[in-house]
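Welcome to this short briefing.

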Amino acid sequence: MKLTGNTVLITGGGSGIGEALAIAFYNKGNKVIIAGRQLEKLKTMTSNFPGMAYLSVDMTSLESISAFAKTLINEHADLNLIINNAGIMIPEDLLKAPANIETAERTVLTNLLGPIRLTSTLLPHLIEQKPSAIMMVTSGLAFVPLAIRGTN
Ligand SMILES: NC(=O)c1ccc[n+]([C@@H]2O[C@H](COP(=O)([O-])OP(=O)(O)OC[C@H]3O[C@@H](n4cnc5c(N)ncnc54)[C@H](OP(=O)(O)O)[C@@H]3O)[C@@H](O)[C@H]2O)c1
């Protein structure tokens with residue numbers, strides 16, 4: 001994968017790991033688009049990096065992902081790299097089941113179904129780009145589970 005000259009989408013690019021990735025890709029000469037729900041946060045971040053763009057998406061909503069993907073491709077037709085980073089990590093108390101179900105479902109929607117939906121929606125576009133790539137930010141918890149983060 002080339003690390004320069006890409007047009008990169010980073011979901012959750014307004015904070016934490018996504019923010020660090022956005023800055024690193026920006027500094028390496030890529031066009032960077034960050035996305036999330038908190039537009040003010042995204043706007044503030046892009047104001048420090050001329051040319052960096054931001055868009056709104058709620059990864060829990062298929063409707064939001066579909067509208068987002070359309071706008072993204074319209075505004076950034078050369079998009080060729082997506083980094084699925086947006087995610088949540090909410091503590092779960094399994095001893096309080098079934099009260100934890102809301103957290104479990106929100107975690108699956110955000111961290112698993114959201115990236116699957118977004119990747120699938122953007123795949124026809126990415127296949128047309130040469131070269132293109134998809135990156136996933138995952139977690140060690142996928143390999144070594146932790147009781148208080150059961151669904152993660
Ligand atoms: N930090 C760690 O130790 C660690 C360890 C392993 C894995 N991870 C994973 O790495 C990723 C980033 O973690 P982080 O620590 O950098 O988290 P973070 O600082 O809390 O950032 C998460 C980002 O995801 C976005 N996001 C959350 N829910 C969203 C939704 N429904 N729709 C769109 N965007 C959403 C947030 O933006 P908005 O609030 O603007 O929507 C935020 O910018 C996550 O997937 C996390 O599970 C983190």
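A pocket here is an open set of grid points where a 1.4 Å probe fits, with protein on both sides within 12 Å along at least five of seven lines, and its lining residues have an atom within 4 Å of a point. With that in hand, and bearing in mind that this is a predicted model, which helix gives the most to the lining of the largest pocket? Helix α4 does, with 8 residues.

**The largest pocket**

- The space in the largest pocket comes to about 980 Å³.
- Its lining has 38 residues, and the closest to the pocket centre are Asn-85, Ala-86, Gly-87, Ile-88 and Asn-111.
- Two or more lining residues come from each of α1 (16-27), β2 (31-36), α2 (39-47) and α4.
- By residue class, the lining splits into 19 polar, 15 nonpolar and 4 charged residues.

**Helix α4 along its length**

- Helix α4 runs over residues 101-128, which makes 28 residues.
- From first C-alpha to last, α4 reaches 40 Å, close to the 40 Å expected at 1.5 Å a residue.
- There is a bend of about 45° in α4 at Leu-122, and Pro-124 follows within four residues.

**Buried and partly exposed positions**

- Among the buried residues of α4 are Thr-103, Thr-107, Thr-110, Gly-114, Leu-118, Leu-122 and Leu-126.
- An α-helix has 3.6 residues a turn, so residues three or four places apart point the same way.
- The buried residues of α4 pack against β1 (7-11), α3 (62-75), β4 (81-84) and β5 (133-136).
- Thr-110, in α4, counts as buried because its relative accessibility is 9%, and buried means under 20%.
- Leaving aside residues up to four places away in sequence, Thr-110 touches Met-59, Thr-60, Ala-86, Gly-87, Ile-88 and Pro-115.
- Ala-86, Gly-87 and Ile-88, which Thr-110 touches, are also among the residues closest to the centre of the largest pocket.
- Leu-123, also found in α4, has 34% relative accessibility and therefore counts as partly exposed.
- Leu-123 and Asn-80 are 43 residues apart in sequence, while their C-alpha atoms are 9.9 Å apart in space.

**Cis peptide bonds in the loops**

- Ala-97 and Pro-98 are joined by a cis peptide bond with omega of about 5°, and Pro-98 lies in the loop between β4 and α4.
- Another cis peptide bond joins Lys-130 and Pro-131, with omega of about -5°; Pro-131 is in the loop between α4 and β5.

Notes. Residues numbered from 1 in each chain as written. Predicted model: local features only at pLDDT ≥ 70, side-chain atom pairs only at ≥ 80, totals over all residues. Heavy atoms only, no water. Expected span 1.5 Å × (residues − 1). Bend = angle between axes of the 7 residues up to and from the residue. Buried < 20%, exposed > 50% of the residue type's maximum accessible area, 1.4 Å probe, protein only. Contact = heavy atoms within 4.5 Å. 1 Å grid on protein atoms, 1.4 Å probe; cavity = no way out; pocket = protein on both sides within 12 Å on 5 of 7 lines; lining within 4 Å. Points joined across faces, edges and corners; volume = space filled by probe spheres on them. Nonpolar A, V, L, I, M, F, W, Y, C, P; charged D, E, K, R; others polar.
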